[in-house]
Structures are given as structure tokens and as C-alpha cells.
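Let's take a walk through a protein model together, one region at a time. Keep the structure open beside you and look up each residue as it comes along.

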Amino acid sequence: MIQSETLELLEWSRLCQHLSTFAATKLGAIAARNIALPSSQTESEYLLKQTKEVYELESRIDNGISFEGIQDFGDSLERAELKGILSGDELLAIATTLAGIRNLRRLIDNHPDLEILNELVTDLRTYPELEQEIHRCIDERGQVTDRASEKLGDIRHSLRQSRSQITQKLQNIIQVKANALQETIITQRGDRFVIPVKAPQKDAIPGIVHDTSTSGATLYVEPNSVVPMGNQLRQLLRREQVEEETIRRTLTEQIGEVKPDLEKLLVVATTLDLATAKARYSFWLEANPPRFVNPQQDENITLRKLRHPLLVWQQRHEQGHPVIPVDLVVNPYIRVVTITGPNTGGKTVTLKTLGLATLMAKVGLFIPAREPVELPWFKQILADIGDEQSLEQSLSTFSGHIRRISRILDALGEVEGERDEETGGQGDEEVSPPLSLPASPPPSSLVLLDEVGAGTDPVEGSALAIALLRYLAEHSLLSIATTHFGELKALKYQDERFENASVEFDEATLSPTYRLLWGIPGRSNALAIASRLGLKPEVIAKAKDEMGGATDEVNQVIAGLEAQRRRQEEKATQAQDLLQQAERFYQEVSAKAKDLEEREKSLRASQEIAVQQAIVSAKGEIAAVIKRLQQGKTTAQDAQKATDEINKLADKFIPKTAPKQKAGFMPKVGERIRIPRLGQTAEVLTAPDEDGQFNVRFGIMKMTVTLQDVESLDGQKAQPTVKAKPAAKPQTPAPPPENTPLIRTSKNTVDLRGRRVADAELILDKAISEAARAIWIIHGHGTGKLRQGVHAFLKQHPRISNYEAAPQNDGGTGVTIAYVRI
């Protein structure tokens, strides 16, 4: 009885009603409104796992879990078992439910990591063949279809023919007897076809009168010539009805044969819908999953920023006030917490919030509190909240409280009796020494008492409250009591199992802040309030004298503690703000650095792409020029024309600006120089003339350049020429003797692997111009295209006399040895 009273006092039914609005089916809504409290922690943990997995599944899919088509057909199953005949709508509801549950199972099967949900749907049978048979026989309107049986199809064909014959016969009568009719229409009365005949002209169309208009001016007559046809139509309708019942009876019998499996389907669908409603309600509350702790293992009760779920609903749906959260952090050795403070300060709301939070955790709901959410699993939640004054039962406020508290103590005794049975207690019989007894399980009940000891003489009420709380410290896991008695504040200093808390009061506004202060007892604010409200100072001074100085000193100490706590909280808030600001700055700087890095990468990539495109384009055009020179006999005019074209390409692709170079270089015959605008190195063939012009060769091409166009390989600019005697042509160094053996070194070896043919030609040309007698060219095997390109280039190069594959021990066909003319 006290359990149901507690649920009523905590307004548990309202929360269940809110939960039911998140259900997708009628069955789920009914289950949510009548949700049962688990009797074991194992069951609660299983329900929590269900909610967590559904919460996870909802987050993975875009439109959430769908329960479309699932309906409650429990009553239909009962009638099927009793050999009744289900209607078409009932049969259709069963078919759509089978399809809906099958879709649910497929959805869960796609997420094998959700073990609880997969276990729930593993053995389900959704009978697709039964669903298909129902849809074959019943259409979307719940009517039996023509294809349900051949006999029914023939009957309906005859019905259509009979109706057509009757309609045709009546149309003929209407055309002949139009003057005797009120209207030229064909209508029905029951299952008989009739025409409206004017009452004075009834003899003009003999037949059976089936109805009369309200005024009596119109008679609805079935002509005698149509009556036999109508009788035949009625017989066909009866045969149709019998055949339809036969078909629905057959389907009903098939359903009755699998009734246990279909009932299981409904149970699983309801379970899934209820778990989904819990997950969606928890998400709506911005709640977090709780973890059940064991105070015997020194684990705290931690409920920070805990909000009352009904007040959250009121705030969002009924334009209520913002919900002020409370912090509940209780050490494992604490058994009783006394909350003091002014009326309307939030003491009772704190009790109800904690009570609802423990109930929500038991049934598998998340708790609207900040992580981590940790609390014990309470076997019983017992509450005495509010005033049970009753004129009918001659109960005063005090009597009502005592009656309810007595029921709470009885319930605690029943739980202790169950624990004794579990541990093998022997009553008054002689037992073994205490060391041989199994340890008694600790208390597991939560007791919530509002205004304990109120409603009677303060002295006796205070003594009774102290005795009651000490009893609860022995027989409950946690008890929280609100009170105005100052004597209860001292229990903390006499017994370590007691703790004080108070609701904060703002003296400036004469209103509570609804914040819960732990470790600080509440102080009296009556005189302060009276003074601010304008009570005469002499009356307040007299009241202080009556109270004595000790009380004033205690209030001052409490006020000092509250001020100290506020300063600590302000500093903690400031530190938290600084930390958040630092984290925000760090995130901003990191984001900007990452953005700059991405922009740099993007710019570098675009520049590289542009350079590569320019190089490819330039190489292509240069290759075209070289190809034209190679075709046919080359003349000086053609060479000059090619030179001009290459100069144009240099102006097009090479940037005009160049870094300042050191002056003082003068090219000599046989030296290698660099032509910056072409990006090429060349061999000097002639010394510069008076105008600073001289001939160079790169690859198979010869061209005339000026001193301003070239630089040394180390970057020195050529010095301008002074018109004087031409410089003597230096002698080229003598090549090594031909009988000197060829030796492969790193200087005469070129590795072209991974290169494109166009790039390889440029590298080969440079290597050939620097080679003395031979070079080793590594091109690998691969597809063979690079080797073919290398051989083609060597074949047409003027400085190459011949080439051959390297010996097998020196690379074989993957290496080519090219011999240079001396």
C-alpha cells in the first residue's frame, strides 16, 4: 500500500503519461502508462541496456525506428481461438503488423553489435506466407477480393450481370412511362432496385411499393417485371456472403493455429516500442544513462545538475518557469540527510526530484542530470510528502503523518524479514556463533520525509524526529528529511552517518534561490524578513532578547559559512570561465592555423599544377620545333627560324623577373653554360664576337645567343664585351686514349626509372654532352615504352655512335650502354 502511495505522492503517473506520448503504437502507449517497477537490479540493468541500444540505433539511422503498420490485434486473437470469424479489417491489421515487425527485425539484424535487441528478435516468426494470403484475399478496404476463390469470382460475375439486366429493364420502363415518374432515376431500397413513381400514377406502373417519400407524393416501386430479377439478385448476394464468410473463416483458422507466435510478436513489438519511447523521452529530457553503484564499496551517490522531469515538461509545454537544477553528492557512509530552510525554498521539490530519478533509473530511463550519473539501486522508495489531513477520518496533520510513517516502518520491516530469509535466519532458535552466520545484506530502501515531526508540540515533535531519523539510519540505505527543527542540525556532529543541507535564501530579495547547499545547516530568517517587511525595531529587538544571544551567534556563524561558500563558488566559477576561455582561444588559434596550413597547401598545389602545365606545354612546343628540324634537310634559315620560335616560347613561359646575378663571367669554347629563359644548359661552340654573340649547342640543335642571354652554371652573369681582338680559340682537352678500359661509375650512369619519355630525353641530352666515352642508362623493363623512347633518342643523336644492352650481370636488357663519339 505504501508503495502505491509513494508513487502517487511523487506524481509517477504523470511522468508515465508524458512517456506514453513518445510511443509509436497503441500497445506501447498503454505499456508506458502502466509501466511496472522491476523487482531486481539485474532486471533494471537489462532495461537500461535496452534503452541504450535503442538510443544508439536511433542515432545511426536518419528517420528513426519505424513502427508503421503495427496494430493491437490481441482481441482478434482471442476471438480466433474461440472459433469466431474475423472481419476483413481485423485480418488486414494482422497482415500489416506482420510486415511492420518483419521490417523492425531486418533493421535490427543490420546492426549485429546491438546484442540485447538482436536477442529480442532472434526467434521471431513473422509468417510472410500468411501475410501474403491475407493480402491476396483482402483488399486495402478490408473487403474480400474476387481472386480469393474461383467460386466467389463466378458469383460476383453473375451479380454484375444481374444488376446490369435489372438496370436495363428499368431504363426501358423509364423511357416508356416517363410521365408517371417523379424523377427519371433508378435508386435502391435495401437490396431492391426501384424507381420513383408519382402517387396518383401508381397504377401506370404496377409493382411492389418498397418505400414512400415523407410527403407521400412519391412511391418507390419495384415493377412486377423486375421482381423475379430482384429475387435472383438477392439469392446471389446471399451466396456471396456465405462464400466471403468461408474465406474469412479459413484465414481465421490459420491465424488461430499460430496464436502463440503472434502473441509473442505483439509482446516483442510492445517491448521495442516502450524501449524506443524511453530512448526518445530521455533524448528530449537531455538526460544521461545512470550507473548503479554500491555504497558498500565506497562509491558516492552523484547527481549533479539534477532537474525535475515534470518541471521540465511544464517549462517546455506549459510555459512554466525555468527549472533550477540541484546537486546531490552523498558520501557512501551517509545514511540520513536533513534539509533545512524556509518554506517554498525547494525542499519538497528536491525530495520529489530524487524520488523520481530513482524510479526512472529502475525502469530503464535516463536521468536528467549531468554525467556521471551514479546512484544505488533501491529496492523500495518510500515517501511521506504533503499533508494527509482528513476530516472524514478525523485525522489531523500530525496524525496523518504518523499513520503514513508507520506504514513506511512496516515496509522496512518486511524487507528486513526477506533479507533474514535469504541469509538463512533461524528466528529465536539457537544458532551458531556469529562468525558462522552469513553476512546480512545491507539496507536497500530510500526514505523521503517532508517536514518530519511537524504538526505537534515543537519539543515533542523534535524528539520524535530525532528518534525516527536514528532508526532510519539503521534500517534504510538513505533517508532524506526536510525539517524546521534546529535540534536536527546537531545530529551531524554526533553521528557521522548524518549530513546537513539547506536551501539558500536571498535576504536582499526576501526570496529563496532554490539552490541546495551541502554541509551547511539552514538558519532562521524570520526576524530578518520581519525587519525588512517593516515590523517595529523594538519588537524585533525584544524577540532577539527572548531568543538569547546564542542563537544569534549561531546564525552569524552559519551566515559566515554561507558567505565563505559563495566566495569559493565564485572563484570556482571564475576558474571555470578562464578554463573555458583558454580552451576557446586554443580552438580558435588551432582552427586559424589549420586554415592557413590548408590555404598554403592549396596555393602550393595550384602553383605546382600551373608550373607543370607550363612545362608540359613548353616541352610540347619545343618538341614540335625539334621534330620539324629533324624532318628533311636542315638549313641555316630553318635553324634561325627554330631559334626565333624557341625565344618566343621562352618569353611566353619563363618569368621576366630574375634575381640579381654576379657579373664577371665570360663563356669559353667547350664550356657548358645555362640559358635561363629556356631552362636549358648548352655547350659553347664559338667565342663571343664584338657584338657579344656566339654559337651554342644543346642536344641536336645549334643556335646563336648573346652574352645577355646566358650565365655560368654557378649563376654568374656574363660581362659585356669590349670591341677588340677576338679571343683565341682555346684547345679542347684531349679525350682519354681509346684503349683505356670502360669503367661504370656514378658519374657516367643515368637512372631514368619512373620518368616520362619527354623528361628522359632532356636528362639524356645533358648526360651525353658531359660524357667522355660511354654512359650507362638504367631504364628498367616495365611496359617497354621508356626503353623504346630512349633507343629512339639515342639513334638520332649526333654524338652517339652506337648503343647496346648491358651484360646480364650489369642489368641486362634493363640497362643500355651508349657510346659517345670523340
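Two residues are in contact when they have heavy atoms within 4.5 Å of each other. Helices here are DSSP runs of H or I with at least four residues, strands are runs of E with at least two, and both are numbered from the N terminus. Buried means under 20% relative accessible area, exposed means over 50%, and partly exposed lies in between, using a 1.4 Å probe and protein chains only.

What you see is a predicted model, where local features need pLDDT of at least 70 and side-chain atom pairs count only at pLDDT 80 or more, while totals for chains, interfaces and linings use all residues. Residues are numbered from 1 along each chain as its sequence is written, and side-chain values use heavy atoms, with hydrogens and water left out.

**The whole chain**

The protein chain holds 21 helices and 24 strands. It has 822 residues, and 41% of them count as buried. Take the contacts between residues at least 6 apart in sequence: 67% of these join residues at least 24 apart.

**A covered helix**

Start with helix α2, residues 12-20, where Trp-12, Leu-15, Cys-16, His-18, Leu-19 and Ser-20 are buried. What covers them? The cover includes α1 (2-9), α3 (26-33), α11 (259-284), α12 (309-317) and α13 (347-362).

**Helix α6 and its two partners**

Two packed helices are described by the angle between their axes and the distance between the axes. Axes are lines fitted to C-alpha atoms, for helices over the stretch in contact, and angles run from 0 to 180 degrees between N-to-C directions.

Helix α6 (residues 88-109) and helix α10 (residues 227-257) have axes that come within 11 Å and cross at roughly 40 degrees. That makes α6 oblique to α10 (under 35 degrees counts as roughly parallel, over 145 as roughly antiparallel, 65 to 115 as roughly perpendicular, and the rest as oblique). Gly-88, Leu-91 and Ile-94 of α6 make the contact with Arg-248, Leu-251, Thr-252 and Ile-255 of α10. These contact residues split into 4 nonpolar, 2 polar and 1 charged. For that count, Ala, Val, Leu, Ile, Met, Phe, Trp, Tyr, Cys and Pro are nonpolar, Asp, Glu, Lys and Arg are charged, and the others, Gly among them, are polar.

The other partner is helix α8 (residues 128-137), which packs with α6 at an angle of about 140 degrees, with the axes 9 Å apart. That makes α6 oblique to α8 as well. On the α6 side you'll find Leu-91, Leu-92, Ile-94, Ala-95, Leu-98, Ala-99 and Arg-102, and they meet Pro-128, Leu-130, Glu-131, Ile-134 and His-135 in α8. This contact divides into 9 nonpolar, 1 polar and 2 charged residues.

**Strands and sheets**

Strands of a sheet pair through backbone hydrogen bonds, either parallel or antiparallel. Two strands count as paired if DSSP finds at least two bridges between them.

| Strand pair | Bridges | Direction |
|---|---|---|
| β6 (301-306) and β7 | 4 bridges | antiparallel |
| β8 (336-340) and β12 (478-483) | 5 bridges | parallel |
| β8 and β13 (498-506) | 5 bridges | parallel |
| β17 (680-684) and β18 (693-698) | 2 bridges | antiparallel |

An open sheet of 4 strands has the order β5-β9-β6-β7, with mixed pairing. Its edge strands are β5 (290-292) and β7 (326-330), each pairing on one side only. Within this sheet, Ile-301 stands opposite Val-330 in β7. Helix α13 lies across β5, β6, β7 and β9 (370-375), running at about 115 degrees to β6.

Is strand β8 enclosed or open? 5 of its 5 residues are buried, so β8 is largely enclosed by the rest of the structure. Val-336, Thr-338 and Thr-340 are buried on one side, and Val-337 and Ile-339 on the other. Thr-340 stands opposite Thr-483 in β12, while Val-336 stands opposite Phe-498 in β13.

Another open sheet has 4 strands in the order β16-β17-β18-β19, with antiparallel pairing. β16 (672-675) and β19 (701-706) are at the edges with a single partner strand each, so one side of each has no neighbour in the sheet.

**A buried lysine**

Finish at Lys-362, found in helix α13. At 4% relative accessibility, Lys-362 counts as buried. Beyond its neighbours within four places in sequence, Lys-362 is in contact with residues including Pro-38, Phe-292 and Trp-377. The C-alpha atoms of Lys-362 and Trp-377 are separated by 7.1 Å, with the two residues 15 apart along the chain.
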